[in-house]
Amino acid sequence: MSTVTASRLDAQTGATTRTTVTAAGLAGAIASAGVVAGWFLFADLSRAAATLEPVTVVACLIAGAAFAVLAVALPGLAARTRLPRVPVTLAALACAFIAIPAWTFGTVVPHLAAHTSPAQFEELGHADFRLLLLNVPMIALSLAGFVSLAVVGWRRRAMSRGASVLLVIAAVATVLGDFAPVGILAGVALAWTARSARSATDS
């Protein structure tokens, strides 16, 4: 394979990775926004009924799938841009742990809502230490991955500074303990990062 052909192939792969991350990030953000909208649209319903709403279930599934794609695709972005490899890898792991609760709220939680009474479902949702542990990896990895990516990316001028700021806000939002607000912010920030990341060959 000639050097020119290899260079073209690498450029095509890089463009595909950028497109994948951008599309998955925007899909995750829109789906997460749908989940948040459901909180207000179905505020007059019981928690169980709101959980079973098709819009909520589909939005959770799309968000889960989108962040799973981000978890797989993000490391490829570091290989072809000036983005730092370790922070990008940590951000990818954070995306994986955003995908887990999103997918859970689109599958397991509706199953429980459908097979318990509203009162029993409310009791199942009562926060205790073990339930809170579900969000600890998402919070820890988001703080480590998103903040380090934002800081190093800013210093290297490897990405948009607006995307850096949004990543930090997304990391802080994880302390709320819900995937949806983080999904909106992180999805937009990562899509913006993919589009603005400087190529490894840029001077």
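1. In this predicted model, helix H3, which covers residues 54–80, packs against helix H10, which covers residues 179–196, at an angle of about 35° and with the two axes 11 Å apart. The crossing in which H3 passes H10 is left-handed. On the side of H3 the contact is made by Cys60, Ala63, Phe67, Leu70, Leu74 and Leu77, and on the side of H10 by Phe179, Gly183, Ala186, Gly187, Leu190 and Ala194. Sorted by class, the residues of this contact are ten nonpolar and two polar, with no charged residue among them.

2. H3 also packs against helix H4, which covers residues 85–106, and here the axes come within 7 Å and cross at roughly 165°. An angle over 145° counts as roughly antiparallel, and H3 and H4 are therefore described as roughly antiparallel to each other. As H3 passes H4, the crossing is left-handed. The contact of H3 with H4 contains 23 nonpolar residues, two polar ones and one charged one.

3. Within helix H3 a student may wish to look at glycine 64, which has a relative accessible area of 3% and is therefore buried, since buried means under 20%. Leaving aside residues up to four places away in sequence, glycine 64 touches Ala99, Ala102 and Trp103. From C-alpha to C-alpha, glycine 64 and threonine 104 are 8.3 Å apart in space, although 40 residues separate them in sequence.

4. What kind of aromatic pair do phenylalanine 105 and phenylalanine 179 form? The structure holds one aromatic pair, and these two residues form it in a tilted arrangement, with 6.3 Å from centre to centre and 40° between the planes. Because phenylalanine 105 lies in helix H4 and phenylalanine 179 in helix H10, the pair ties together parts that are 74 residues apart in sequence. The two partners can also be described by their accessibility: phenylalanine 105, at 35% relative accessibility, counts as partly exposed, whereas phenylalanine 179, at 4%, counts as buried.

5. Serine 164 belongs to helix H9, which covers residues 161–173. Is serine 164 buried or exposed? Its relative accessibility is 2%, and serine 164 therefore counts as buried. When residues up to four places away in sequence are not counted, serine 164 touches Ala150, Trp154 and Met159.

Notes: Residues numbered from 1 in each chain as written. Predicted model: local features only at pLDDT ≥ 70, side-chain atom pairs only at ≥ 80, totals over all residues. Heavy atoms only, no water. Axes fitted to C-alpha atoms, helices over the stretch in contact; angles between N-to-C directions. Helix = DSSP H or I, 4+ residues; strand = E, 2+ residues; numbered from the N terminus. Left-handed = near helix turned anticlockwise from the far one by under 90°. Contact = heavy atoms within 4.5 Å. Nonpolar A, V, L, I, M, F, W, Y, C, P; charged D, E, K, R; others polar. Buried < 20%, exposed > 50% of the residue type's maximum accessible area, 1.4 Å probe, protein only. Parallel < 35°, antiparallel > 145°, perpendicular 65-115°, else oblique. Phe/Tyr/Trp six-rings, centres within 6.5 Å; stacked < 30°, edge-to-face > 60°.
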